[in-house]
Amino acid sequence: MSDLLLERSDGVAVVTLNRPKQRNAVTYDMWRGLAELFQDLDTDQGVRSIILTGAGTDFSAGADISEFDAIRGSADESKRYEVAVDAAGDAIFSVSKPTIAAIRGYCLGGAAHLAMSCDFRVAEHSAVFGIPAARLSIVYGVSATRKLLSLVGVTEAKRILYTAQRFGAEDALGNGFVDQLTDDALQAAKEQAGSMASSAPLTIRGAKYILNGCVRGNFDRAEADRLIDAASGSQDYAEGRRAFSEKRPPRFLGR
């Protein structure tokens with residue numbers, strides 16, 4: 001899909017929302033494409049970490065409202081649309097590899113859901129955030145609202161959702177929506193992704209599953225124990241011990 005670009009280099013995949021003339025507004029087909037793309041990246045052994053960004057001057061202005069009359073004009077159509085949005089967000093949230101949103105310009109509405117679905121959010125000083133659902137009479141979805149709550153707390157989440165007001169990068173850093181400000185978000189994200197690409201994939205998979213389960217409140221202890229046991233019995237665990245004794249960097253293979 002030309003509206004979604006994928007590049008791979010040295011274990012890092014960069015997924016780019018590619019509609020710069022429309023400020024990378026996300027279409028229904030793009031929501032569906034994002035879910036499929038991140039599911040594919042989850043099983044790609046050559047990818048150790050993933051960056052999500054936007055082409056041109058913006059991360060994304062959110063959902064493409066211009067298509068709402070045609071595909072989201074009724075309650076049933078809205079429900080189908082929200083299923084696609086949640087599927088995209090959940091695919092990003094659940095992928096077993098570290099994910100970083102590299103944000104410049106607008107990050108609004110549904111795009112905020114995409115950014116919040118990533119493990120980390122790196123923003124440029126010019127970034128602008130907001131969730132304008134209250135100006136469209138839309139209730140922000142449960143999955144996205146839960147992610148917002150986990151980042152900024154209940155009072156700030158209410159302020160963001162009730163007022164629909166935009167806020168700048170400094171405010172986003174202060175309220176916890178983003179965790180780093182920089183002059184070049186993509187470069188900073190690539191550096192962070194590269195540093196994590198050398199970490200043990202089985203450790204990250206297990207840690208991410210446990211942490212995400214705690215956030216969601218639907219923790220499966222049996223699955224967590226399976227991931228812990230798999231790492232303890234892995235070739236990578238043996239390699240980590242050898243590398244430590246030989247005083248060299250480990251070479252992890254994810255098995």
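This is a predicted model: local features need pLDDT of at least 70, side-chain atom pairs count only at pLDDT 80 or more; totals for chains, interfaces and linings use all residues.
View 1. The phi of A164 is near 60°, which is a positive value in a residue other than glycine. Most residues other than glycine have a negative phi.

**View 2. S137, an exposed residue with a positive phi.** The loop between β7 (128–130) and α5 (142–152) holds S137, whose phi is near 55°, again a positive value in a residue other than glycine. Is S137 buried or exposed? With a relative accessible area of 71%, S137 is exposed, because the term applies to residues over 50%.

**View 3. I50 and its contacts.** I50 has its place in strand β3, which covers residues 49–54, and with a relative accessible area of 0% I50 is buried. Which residues are in contact with I50, once its neighbours within four places in sequence are left aside? They are A13, V15, F38, L41, V95, K97, P98, T99 and I100. For one of these, P98, the separation from I50 is 48 residues in sequence, while the two are 6.2 Å apart in space, C-alpha to C-alpha.

**View 4. F129 and the largest nonpolar core.** The largest nonpolar core has 54 residues, and of these F129 and F177 touch the most other members. The largest share of this core, eight residues, is contributed by helix α1 (residues 28–42). Apart from this core lies another, of 11 residues, which includes V12, V14, I51 and A188. If neighbours within four places in sequence are left aside, the residues in contact with F129 include I103, C107, L108 and A123, and also F167, A172, F177 and V178.

**View 5. The whole chain, as a setting for the close-ups.** The chain contains 11 helices and nine strands. Its radius of gyration is 19 Å, close to the 18 Å that the globule rule gives for 255 residues, so the chain is as compact as a globular protein of that length. Along its principal axes, the C-alpha trace spans about 60 × 40 × 35 Å. Buried residues make up 48% of the 255 residues, and among contacts with a separation of 6 or more, 68% are accounted for by residues 24 or more positions apart. The chain also carries 30 positive and 33 negative side chains, and the centres of these two sets lie 3 Å apart.

Key. Residues are numbered from 1 along each chain as its sequence is written. Side-chain values use heavy atoms; hydrogens and water are left out. Helices (H or I, at least four residues) and strands (E, at least two) are DSSP runs, numbered from the N terminus. The radius of gyration is taken over C-alpha atoms; the globule rule is 2.2 Å times the number of residues to the power 0.38. Buried means under 20% relative accessible area, exposed over 50%, partly exposed in between (1.4 Å probe, protein chains only). Contact means heavy atoms within 4.5 Å. Lys and Arg count as positive and Asp and Glu as negative; His and the chain ends are not counted. The place of a charge is taken as NZ of Lys, CZ of Arg, CG of Asp or CD of Glu. A nonpolar core is a set of buried Ala, Val, Leu, Ile, Met, Phe, Trp, Tyr and Cys residues joined through side-chain atoms within 4.5 Å.
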